[in-house]
Amino acid sequence: MSARIPRMRGGVFACVVPGVPVDCRSELWMDGALMSEGKFIVFEGIDGSGTTTQSRFAAEWLRSEGLDVVETFEPTDRAVGRLIRLALSRQLPGREGEEVEAELFALLFAADRLDHMKGVIVPALERGRWVVSDRCYLSSFAYQSVGCELDWVRALNRHVRRADLTVLLDLGAQTAYQRFSVERKDHDVFETVEKMAAIRASYLRVADILEREGEQIVRIDASQAIDVVAAEVRDALAGLL
Ligand code: TYD
């Protein structure tokens with residue numbers, strides 16, 4: 001019996017064989033290789049740059065294009081991610097009121113990411129689903145390399161799955177600080193204008209390095225209106241469909 005194999009949106013193949021259900025994506029093999037994994041898209045930027053809002057819009061838009069999308073974020077709400085949130089608000093058990101070391105943050109974020117990759121991201125991609133993550137390894141490279149050596153932070157993260165596309169929402173520290181100060185009185189440890197300016201510079205520097213290594217990173221001016229940013233994000237994502 002011969003199989004007709006049309007390509008579906010997002011690189012997923014459907015197997016059209018009389019008597020065989022159409023949705024058999026995860027079992028489909030061609031020339032000995034699994035035909036298509038989903039795409040991994042990450043939103044990055046300093047606090048207040050809109051990564052949460054824009055990753056939600058992007059996921060909704062990808063769904064409207066017929067894709068099966070998993071939305072996720074870091075720090076996660078899993079075991080290590082919860083510890084990180086406590087550390088960010090100076091509430092890590094046994095270290096209450098203290099700002100923990102940059103190295104400890106780097107290790108915690110790397111551990112959270114490994115668990116996130118194994119438990120959420122990689123299984124979804126392998127099933128042909130698309131994954132949209134609000135932050136991932138570029139956050140560690142940008143934030144943690146302000147206090148630690150970039151090479152060491154990269155080594156901690158060397159087993160992570162690289163993004164198919166990273167959207168870097170670039171915004172000046174002053175504008176970003178004003179944006180989230182309207183909503184919040186208590187600031188996490190990275191949320192001062194000086195630290196944010198250093199982290200922004202770090203993002204731009206690390207993005208240059210990763211681009212030279214072949215990563216696909218699109219930089220978008222996040223000082224524009226939300227819908228203008230969303231439209232630019234959609235244009236970038238359209239290139240992956
Ligand atoms: P954030 O996305 O702001 O989470 P939430 O919106 O729930 O507060 O992330 C929390 C902070 O953690 C933010 O300041 C960025 C920082 N961060 C790192 O320093 N390194 C990392 O690897 C990640 C993922 C986040």
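Is Val132 buried or exposed, and what is its relative accessible area? Val132 is buried, at a relative accessible area of 1%, where buried means under 20%, exposed over 50% and partly exposed in between, with a 1.4 Å probe and protein chains only. The views below show a predicted model, in which local features need pLDDT of at least 70, side-chain atom pairs count only at pLDDT 80 or more, and totals for chains, interfaces and linings use all residues. Residues are numbered from 1 along each chain as its sequence is written, and side-chain values use heavy atoms, with hydrogens and water left out.

**View 1. Val132 and Trp130 in strand S5.** Strand S5 covers residues 130-134 and contains Trp130; Val132 also lies in strand S5. Helices (H or I, at least four residues) and strands (E, at least two) are DSSP runs, numbered from the N terminus. Trp130 counts as buried because its relative accessibility is 0%. The C-alpha atom of Trp130 is separated by 8.6 Å from that of Glu71, 59 residues apart along the chain. For Val132 and Ala58, 74 residues apart along the chain, the C-alpha separation is 7.8 Å.

**View 2. Glu44 in strand S3.** Glu44 belongs to strand S3, residues 40-44. With a relative accessibility of 0%, Glu44 counts as buried. A polar atom of the Glu44 side chain lies 2.8 Å from the backbone nitrogen of Cys136.

**View 3. Side chains at the ligand.** Oxygen atoms of the ligand lie 2.9 Å from an N or O atom in the side chain of Asp47, 2.8 Å from one in Arg113 and 2.6 Å from one in Ser140. Taken alone, the ligand exposes 540 Å², of which the protein buries 86%; accessible areas come from the Shrake-Rupley method with a 1.4 Å probe, and for residues only the protein chains shown count as cover.

**View 4. The shell around the ligand.** The elements that give two or more residues to this shell are helix H2 (79-88), helix H3 (102-126) and helix H4 (137-144). H4 gives the most, with four residues. In total, 13 residues surround the ligand, the closest being Arg85, Arg113, Arg135, Ser140 and Gln144; a residue is near a molecule if one of its heavy atoms lies within 4 Å of it. By class, the shell has five nonpolar, three polar and five charged residues, with Ala, Val, Leu, Ile, Met, Phe, Trp, Tyr, Cys and Pro counted as nonpolar, Asp, Glu, Lys and Arg as charged, and the others, Gly among them, as polar.

Terms used. A polar contact is a pair of N or O atoms within 3.5 Å; within protein, one must be able to donate a hydrogen and the other to accept it, and residues adjacent in sequence count only if both atoms are side-chain atoms.
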